[in-house]
Amino acid sequence: LLVAIFGVITYFEFLLRPSLASDLALQETQNSLYYLLQNRRAISFFGWPNSLAGYLLLFLPLAIVLPFHFKKSHQKALAIAFLFIVTVCFLYTVSFLGWLSFLLSTIVILPFFWNNLGVKDWSKEKKRMFFYGALMFFVLFIIVILRKDMLSSLSPRISYYKAAFELLWKN
């Protein structure tokens with residue numbers, strides 16, 4: 001939770017202080033900090049957005065499940081706040097591969113646990129909450145794709161993966 005909170009703080013620090021990006025000393029270093037200042041992405045303690053997205057990806061399933069698990073309203077409220085903070089920080093990393101990893105793992109794992117979740121026995125409120133949560137993640141994923149113009153960078157990535165798999169297959 002602290003990592004996610006600090007990630008959101010770093011995002012807004014870069015957003016609220018655009019003068020940091022024009023600092024000549026930072027421009028001369030040509031390192032990742034200057035890149036992050038120019039592109040305004042959350043980094044938290046990790047120093048790189050993709051690392052933060054991978055770390056948050058470990059906690060995102062837990063954050064999603066907690067509101068369904070708790071019975072008391074104040075516990076649900078805290079769980080929803082936790083989910084909100086982790087999701088916002090995950091969004092501010094603007095990590096395409098982080099989001100793609102989350103969506104693919106959800107698509108692969110969800111059918112195995114669908115019956116264990118007891119969806120048939122859920123109340124309308126839980127089903128509605130699940131639907132809105134899934135819709136929220138889908139919309140956020142679309143926002144990340146549109147913001148970073150990831151569709152244009154997807155073609156070279158596919159050709160890199162294809163070449164790597166061909167080399168692995170030959171050897």
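Helices here are DSSP runs of H or I, at least four residues long, numbered from the N terminus. Keep that numbering at hand, because the helix names below follow it. This is a predicted model.

**Stop 1: the whole chain**

Show the chain as a cartoon. You will find eight helices and zero strands. Along the sequence the pattern reads α-α-α-α-α-α-α-α. Of the 171 residues, 30% are buried. Among contacts with a separation of 6 or more, 64% join residues 24 or more positions apart.

Now colour by pLDDT. The chain averages 76, and 76% of the residues score at least 70. Select residues 24-29, helix α2: confidence is lowest there, at a mean of 54. Then select α5, where confidence is highest, at 89.

**Stop 2: the largest pocket**

Rolling a probe the size of a water molecule over the atoms shows where empty space is left. In this model, the largest pocket holds about 1,100 Å³ of space. Its lining has 34 residues. Select I64, V65, F68, F102 and F130, which are the closest to the pocket centre.

Which helix gives the most to the lining? Select α7: its share is 10 residues. At least two lining residues each come from α4 (49-69), α5 (73-92), α6 (96-117) and α7 (124-148). Colour the lining by class. You get 27 nonpolar, five polar and two charged residues.

**Stop 3: the largest nonpolar core**

In soluble globular proteins, nonpolar side chains tend to be buried together. Here the largest nonpolar core counts 26 residues. Select L56, F90 and W99, the members that touch the most others in this core. Helices α1 (2-16), α4, α5, α6 and α7 each supply at least two of the core residues. Helix α5 has the largest share, with nine.

Stay on L56 and show its surroundings. Setting aside residues up to four places away in sequence, L56 touches A4, V86, C89 and F90.

**Stop 4: L83**

Move to L83, in helix α5. Buried or exposed? L83 counts as buried because its relative accessibility is 14%, and the cut-off for buried is under 20%.

L83 and I64 are 19 residues apart in sequence, yet their C-alpha atoms are 6.3 Å apart. Beyond neighbours within four places in sequence, L83 is in contact with A63, I64, P67 and F137.

**Stop 5**

Select S44, in the loop between α3 (32-39) and α4. S44 is buried, with a relative accessible area of 5%. Neighbours within four places in sequence aside, its contacts are V3, F6, G7, T10 and L52. Draw a C-alpha distance from S44 to G7. The two are 37 residues apart in sequence and 3.9 Å apart in space.

Last, select I9 in helix α1. I9 counts as partly exposed, because its relative accessibility is 47% and that class runs between 20% and 50%. From I9 to S44, the C-alpha distance is 7.8 Å, across 35 residues of sequence.

Notes:
Residues are numbered from 1 along each chain as its sequence is written. This is a predicted model: local features need pLDDT of at least 70, side-chain atom pairs count only at pLDDT 80 or more; totals for chains, interfaces and linings use all residues. Side-chain values use heavy atoms; hydrogens and water are left out. On a 1 Å grid over the protein atoms alone, a cavity is a set of points where a 1.4 Å probe fits but cannot get out, and a pocket is an open set with protein on both sides within 12 Å along at least five of seven lines; lining residues have an atom within 4 Å of a point. Grid points are joined across faces, edges and corners, and a volume is the space filled by probe spheres set on the points. Ala, Val, Leu, Ile, Met, Phe, Trp, Tyr, Cys and Pro count as nonpolar, Asp, Glu, Lys and Arg as charged, and the others, Gly among them, as polar. pLDDT is the predictor's confidence in each residue, from 0 to 100. A nonpolar core is a set of buried Ala, Val, Leu, Ile, Met, Phe, Trp, Tyr and Cys residues joined through side-chain atoms within 4.5 Å. Buried means under 20% relative accessible area, exposed over 50%, partly exposed in between (1.4 Å probe, protein chains only). Contact means heavy atoms within 4.5 Å.
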